Amino acid sequence: MPRGARYARHRPNPRRSANFISQPTHRPCVAPLPPLQLLPMASITGSAVSFARPVKALNINSVSFSGLRKDNVAFPLQTAPQRFAVCCYAKKETVDKVCDIVKKQLALADEQEVCAASKFQDLGADSLDTVEIVMGLEEAFGISVEESSAQSIATVEDAANLIDDLVAAGKS
Amino acid sequence: MPLPPPQPPPTPRTPGVAGGRLFASLQLPPPLQSRSEVHVWYLLPDELNDASQLKMYMELLSPSERKTALSMNGEKLQKGAVLSRALVRTTLSRYTECKIDPRSFEFKKNKFGKPEILWQSDDVRMECPLHFNISHTSSLIACGITMGTPIGIDIEEKKRKTAKSILSLARRYFTPPEVDYLAKIPDPEAQQKEFIKLWTLKEAYVKALGRGFSGAPFNKFSIMLAAKNGIRISVDSNSSCDSLSENWQFALAELNSSHYMAACIEDDSRTSGSGNGQLSLGLKVWKTIPFVEDTLVSGTEAVKLIC
């Protein structure tokens with residue numbers, strides 16, 4: 001088995017079996033997206049993940065947020081503006097790279113969609129997955145993510161936004 | 001164990017489907033005798049494939065729980081989410097002597113996001129507060145329950161492979177003594193198993209504390225496993241986390257031959273000043289298919305206590 005392979009990791013089959021209650025498994029990735037203050041922790045599987053998603057706003061006090069905001073407006077949006085709400089200012093290549101890392105970590109099937117709006121918890125990431133994803137992002141982008149920031153990441157775009165902020169802060 | 005003869009259904013707290021299996025009584029467990037007793041109920045999602053049964057479990061959920069479950073990505077995750085909530089609700093109902101219908105429970109989150117029961121003002125169990133915590137993997141979902149003490153429980157597949165190397169993960173997230181402990185293990189498989197054990201114990205502590213991952217960072221406290229002394233926790237004295245406490249007791253067991261399970265509850269004996277060491281945590285474990293079959297598995301091969 002290749003080193004990175006996940007033991008007994010289920011690859012969800014979009015072609016559903018007759019067993020479970022019929023629900024569409026294809027979920028288009030569309031805006032509008034909620035503002036950047038965070039989604040409350042899911043009531044269901046949250047207990048399995050010790051990362052609580054606080055209901056307060058994203059805490060990135062290691063980064064000068066207001067200063068970056070102004071600069072980021074100058075970044076050309078590389079995707080259609082309607083697709084992302086104003087809150088997702090991360091570069092498309094950051095989002096794509098995060099999606100890649102997440103898909104690999106969770107051993108998702110190719111046809112499974114992961115996009116900016118995807119919630120880690122909905123993708124089945126548990127706490128060990130999440131820390132591995134954070135480590136993967138740190139390595140890929142050359143950044144260091146604090147516990148408090150990591151805890152506030154609920155979606156792919158949360159991660160991408162944080163990465164772009166940290167990368168920019170690292171350069172300045 | 002066979003189900004007891006049907007008892008008259010408990011008075012429903014909310015309108016629901018009358019008659020039939022929905023009011024079949026859940027088997028009552030022995031009551032929690034003390035604050036150091038932990039009862040764990042677990043189910044195996046792969047055994048639960050009957051569509052009508054799953055539909056019944058689905059009906060126990062609140063509308064928002066149903067919505068959240070169905071927003072999970074893919075059928076298996078959706079099923080896992082439904083079973084998680086059904087397990088919590090049915091387990092809690094058992095410990096109110098089935099006086100409270102599984103569907104009636106309401107939940108809230110503490111300010112760090114830990115789920116708790118929201119008791120109605122007329123609830124009989126308010127004086128003896130139940131605490132619960134759940135954990136799940138794709139192949140096993142467990143719910144731990146105590147009376148009067150916060151609990152954290154975490155399970156993990158024994159053979160869980162990590163994408164990163166064990167030592168790189170440990171260096172990034174664990175304390176130096178824990179890294180040393182792992183580094184000394186020559187066999188990679190044994191090292192991986194010890195990592196998973198430490199991981200579940202640390203998770204269980206953080207979940208028991210209920211302050212979230214950043215409220216109790218993994219690198220601020222060490223867990224030590226020793227055959228004689230059992231499981232000990234020590235908090236980094238240099239850390240700025242004054243709120244981390246050491247008066248917690250742990251249990252670590254191998255469940256179903258496939259998983260490690262760690263449970264953590266507050267150590268009453270130390271806070272009350274009586275006794276100098278840890279009371280042993282009394283653990284009882286049931287394997288369940290709610291409304292169908294319950295099997296007491298503690299004391300059998302299905303539950304092997306490690307520490």
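**Figure 1. Arg85 of chain B over an aromatic face.** In this predicted model, B:Arg85 lies over the face of B:Phe107, 4.7 Å from the ring centre.

**Figure 2. Two aromatic pairs in chain B.** Over all chains, the count of aromatic pairs comes to 13. B:Trp41 and B:Trp286 form a stacked pair, with 4.6 Å centre to centre and 10° between the planes. B:Trp41 lies in strand β1 (residues 37-43) and B:Trp286 in strand β11 (residues 282-289), so the pair ties together parts of chain B that are 245 residues apart in sequence. Both B:Trp41 and B:Trp286 are buried. B:Phe107 and B:Phe132 pair edge-to-face: 5.6 Å separates the centres, and the planes make an angle of 70°. B:Phe107 belongs to strand β2 and B:Phe132 to strand β4 (residues 130-136) of chain B; this pair links distant parts of the chain, 25 residues apart. B:Phe132 is buried, at 5% relative accessible area.

**Figure 3. The largest nonpolar core.** This core has 65 residues. Among those with the most contacts inside it are A:Val98, B:Leu182, B:Phe195 and B:Phe221. Helix α6 (residues 188-209) of chain B gives the most to this core, with 10 residues. A second, separate core has 36 residues, including B:Leu48, B:Met72, B:Val88 and B:Ile145.

**Figure 4. Surroundings of Phe221 in chain B.** Leaving aside neighbours within four places in sequence, B:Phe221 contacts residues including B:Thr175, B:Glu178, B:Lys202, B:Tyr205, B:Ile233, B:Asp236 and B:Leu244. B:Phe221 is also part of one aromatic cluster, together with B:Phe174, B:Phe195, B:Trp199, B:Tyr205, B:Phe218, B:Trp248 and B:Phe250.

**Figure 5. Two loop residues with positive phi.** Most residues other than glycine have a negative phi. B:Glu97 has a positive phi, near 55°. B:Glu97 is in the loop between α3 (75-94) and β2 (106-109) of chain B. Its relative accessible area is 45%, so B:Glu97 counts as partly exposed. B:Ser257 also has a positive phi, of about 60°, although it is not a glycine. B:Ser257 sits in the loop between β9 (248-255) and β10 (259-266) of chain B. B:Ser257 is partly exposed, with a relative accessible area of 43%.

**Figure 6. Chain B as a whole.** Chain B has 7 helices and 13 strands. Of its 307 residues, 57% are buried.

Technical notes:
Residues numbered from 1 in each chain as written. Chains lettered and ligands numbered in written order. Predicted model: local features only at pLDDT ≥ 70, side-chain atom pairs only at ≥ 80, totals over all residues. Heavy atoms only, no water. Core = buried A, V, L, I, M, F, W, Y, C linked by side-chain atoms within 4.5 Å. Buried < 20%, exposed > 50% of the residue type's maximum accessible area, 1.4 Å probe, protein only. Helix = DSSP H or I, 4+ residues; strand = E, 2+ residues; numbered from the N terminus. Contact = heavy atoms within 4.5 Å. Phe/Tyr/Trp six-rings, centres within 6.5 Å; stacked < 30°, edge-to-face > 60°. Lys NZ or Arg CZ within 6 Å of the ring centre and 35° of its normal.
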